[in-house]
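Reader: I am new to reading protein models. Please take me through this one, question by question.

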Amino acid sequence: MTQHNQGEALGEAETAIDDINKKTGRNMPQAVATAVLLIAIIVACLLVRIDLYILLIVVFLTLALIELRVDFATVGLHIPAVTLVLCCAGTLLGVYYAPNHVMAGAVGVAVSLVAVAIMGSLRHQVGDRLATAVEGKKTAAGVQSGAGDGAKSDKASQPETSIGNVAVSMFIVLYILVLASCIILPETFNGHPVAHAIMVIFLPALSDTGGLFAGAWLGKHKLSPRISPKKSVEGLIGSILFAMVGAFVIFAITYPGLWASRWWVPVVMGVMVGVVGTFGDLCASMLKRDMGIKDMGHLLKGHGGVMDRVDSILLCAPFFTLLLWATGM
């Protein structure tokens, strides 16, 4: 192949990647590289010791809370991040290590609600680092959505109110702590912790990947143009099919003797993950749109924030817990 032909092929490849990036709204090469690294870390933790996986979940959610602190500060809401991090770590570790896992989670959530209500009602001092991060977030939002958007400017300039801080802090406890406890609970019953972890973490990610590629190449019918213009009906179908195939693979490896009586579980799981995961993405998109930001953070290259990666996992977790417990799997 001549140098001229090589240059043309390279140019066509770059154009194709740019088109995919525009359709998906992500930097796909970065997204794939980040995903591979995350998969390697999670699998390594699962193979070495389940406790490491539990600690990894706590670390990820701690990073998510740190990102949310900046996100909410852009609209004048300040959450007690340190209190939330301590409550998150204590509750999730309690769910896994306590003899009564459900009771530990319930007590942890109740204590967390009281603690964040008290701390959220106090006056918050905005440090230089947070102020810089907030200004950067506001600047990025202005560039992406048009700096003249009066509604978003009004939101960002609203004065701090104790009732608003308490409300959003308690919302975070219910959204993250309760749902994240359901990520931990499947590790405590029926004796298949690795399979349960792979289902809870990787099936929503696989579903998201299927929806991403199906939407990029086949997406023509918008699912919810007002909330998330990138979502399509074809992407939803791709999400369901990818999740279903992944569920069948895990089922065949982990439960080879249950095909006759439990063959329907992977089907239900695939549909559940595809629909609920997409709904979780739409909820996160609606929250970001209301706050006037594009990404919940910047820690994961090509993926936006940590919350952008775990929103569908969090929302699917209670359904996984109920399904696995009810079927004895």
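Reader: Which residues touch the most other members of the largest nonpolar core?
Author: This is a predicted model, in which local features need pLDDT of at least 70 and side-chain atom pairs count only at pLDDT 80 or more, while totals for chains, interfaces and linings use all residues. Residues are numbered from 1 along each chain as its sequence is written, and side-chain values use heavy atoms, with hydrogens and water left out. A nonpolar core is a set of buried Ala, Val, Leu, Ile, Met, Phe, Trp, Tyr and Cys residues joined through side-chain atoms within 4.5 Å, where buried means under 20% relative accessible area, exposed over 50% and partly exposed in between (1.4 Å probe, protein chains only). The largest such core has 68 residues, and those that touch the most other members are Tyr53, Ile183, Ile201, Met269 and Phe320.

Reader: Which helix gives the largest share of this core?
Author: Helices are DSSP runs of H or I with at least four residues, strands are runs of E with at least two, and both are numbered from the N terminus. The largest share of the core is 12 residues, and they come from helix α3 (residues 50-73).

Reader: What is isoleucine 183 in contact with, leaving aside its neighbours within four places in sequence?
Author: Contact means heavy atoms within 4.5 Å. With those neighbours set aside, the partners of isoleucine 183 are Tyr53, Ile57, Val200, Ile201, Ile313, Leu314 and Ala317.

Reader: How many helices and strands does the chain have, and what share of its residues is buried?
Author: The chain has 13 helices and 2 strands. Of its 329 residues, the share that counts as buried is 48%.

Reader: How many aromatic pairs are there?
Author: Rings of Phe, Tyr and Trp (its six-membered ring) pair if their centres lie within 6.5 Å; planes under 30 degrees apart count as stacked, over 60 as edge-to-face and the rest as tilted. By this rule the number of aromatic pairs is 3.

Reader: What kind of pair do phenylalanine 171 and tyrosine 175 form?
Author: Both residues lie in helix α8 (residues 162-184), 4 residues apart, which is about one turn of the helix. An α-helix has 3.6 residues a turn, so residues three or four places apart point the same way. The ring centres of phenylalanine 171 and tyrosine 175 are 5.6 Å apart, with 10 degrees between the planes, and the pair is stacked.

Reader: What kind of pair do phenylalanine 251 and tyrosine 255 form?
Author: Phenylalanine 251 counts as buried because its relative accessibility is 2%, and tyrosine 255 is buried too, at 5%. Their ring centres are 5.7 Å apart and their planes 45 degrees apart, so the pair is tilted.

Reader: Is serine 181 buried or exposed?
Author: Serine 181 lies in helix α8. Leaving aside neighbours within four places in sequence, it is in contact with Thr91, Leu92 and Val95. Its relative accessibility is 8%, so serine 181 counts as buried.

Reader: Which backbone oxygen does the side chain of threonine 91 reach?
Author: Threonine 91 lies in helix α4 (residues 81-97), and at 4% relative accessibility it counts as buried. Its side chain reaches, at 2.8 Å, the backbone oxygen of cysteine 87.

Reader: What do the buried residues of α4 pack against?
Author: The buried residues of α4 include Leu84, Cys88, Thr91 and Val95. They pack against α3, α5 (101-120) and α8.

Reader: How many disulfides does the structure hold?
Author: A disulfide is a pair of cysteine sulfur atoms within 2.5 Å. Cysteine 182 is buried at 13% relative accessible area, and cysteine 316 is buried at 0%. The number of disulfides in the structure is 0.

Reader: How far apart in space are glycine 274 and glycine 211?
Author: Glycine 274 is found in helix α12 (residues 264-291) and is buried, with a relative accessible area of 0%. Not counting residues up to four places away in sequence, glycine 274 touches Ser207, Leu236, Ser239 and Ile240. Glycine 274 and glycine 211 are 63 residues apart in sequence, and their C-alpha to C-alpha distance in space is 8.4 Å.

Technical notes: Polar contact = N/O pair within 3.5 Å; in protein donor to acceptor, adjacent residues only side chain to side chain.
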